[in-house]
Amino acid sequence: MFQWGIMATGKIARQFADTLPAVGGATLGAVGSRSSEGAEAFKAEYAGRFPGLRAYGSYEELVRDPQIAAVYVCTPNALHPASVRLCLEAGKHVLCEKPFAPTAAEAEELVRLARQKGLFLMEGMWIAQLPLIQTMRRLLAGGALGQLRHLRAEYGFIGSGVRLERKLSSQLAGGALMDVGCYTLAFARLALGGEPCGMQSLARLGETGTDIYSASILDYGQGRTALLTSTIGAVIPTEGYLCGTGGSLWLPNFQAAQKLVYRPQNGPEQVFEEPFASSGFEYEIRDAMACIAAGRTQSEYWSWADTLAIARQIDALHTLWTL
């Protein structure tokens, strides 16, 4: 049985743990927190589903557990580099929650370390493994839209209270782009491929200096553009829309894609649906386990090159806003 460890005990850690029973051959072996109380509380909540679950009051204790094959890192954004490094230095494979690192330089350092250690490392950009996103990519590769011209992706919600403070904290590498805008950038890369050759962007920065809202136009060359919007200040439907010379594709929710509508220029509309078996996290977990079993250090769905490309784009957008 493949044993996962979870580093941190927040909401996303629970989503990961809730999904694991739907993944064959996997179990949750241990959880690590910054306090024994936090780890024990998490253990009490999940011990019924994962007999033998171990709780550690420090991350260092977690990575020393010899039974843990891989660690899911879901510490705050700013702590990702230190958390991933700790796991890799201990010889653990790693699935790290997005955004991978606050800066491209830190992301590159982690990739170098994983390559040096020969360990699997992947950013948890879970949309990349979704079956419907793969359907979208096959349609695009097959020329369903003719020449792809434009992509639009939006993601926004209203944050409040402690959650809002955490998501906008500059000390925690917060901001709407880091929290949800990384999904729009990833969606554009999955659909358009390559990296943009030009960017224009406007943002509204809050009191902490991080972005509450941004709208960006990315130029991918050959007449291809992407309009991306992200915010933690308004509810925006998480839509993805692609149009080309031969038709269009519409995803009502690109970030948790379960429905895709294809409207060819000539011909009837086609609807593709791929309901999740669980939460949608199961696909990235299975991918990580398959890679590790095969001795691969990175995923073909979301590679190190993909992660580094998005990290560089985030750096570039941040620079545009502070010039």
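**A loop residue and a helix pair**

A: Start with Ser33, which lies in the loop between S2 and H2. Helices (H or I, at least four residues) and strands (E, at least two) are DSSP runs, numbered from the N terminus. This is a predicted model, where local features need pLDDT of at least 70, side-chain atom pairs count only at pLDDT 80 or more, and totals for chains, interfaces and linings use all residues. Residues are numbered from 1 along each chain as its sequence is written, and side-chain values use heavy atoms, with hydrogens and water left out.

Q: Is Ser33 buried or exposed?
A: Buried means under 20% relative accessible area, exposed over 50%, partly exposed in between (1.4 Å probe, protein chains only). Ser33 has a relative accessible area of 9%, so it is buried. Contact means heavy atoms within 4.5 Å. Leaving out residues up to four places away in sequence, Ser33 touches Thr9, Gly38, Ala39, Tyr56, Gly57, Ser58 and Tyr59.

Q: Which residues of H2 are buried?
A: In H2 (residues 36–46) they are Gly38, Ala39, Phe42 and Tyr46. They lie on the same side of H2, because their arc around the axis is only 95°, taken from the directions from the helix axis to the C-beta atoms. The exposed residues Glu37 and Ala44 are on the face turned away from the buried side. The cover over the buried residues includes S1 (2–7), H1 (11–19), S2 (26–32) and S3 (54–56).
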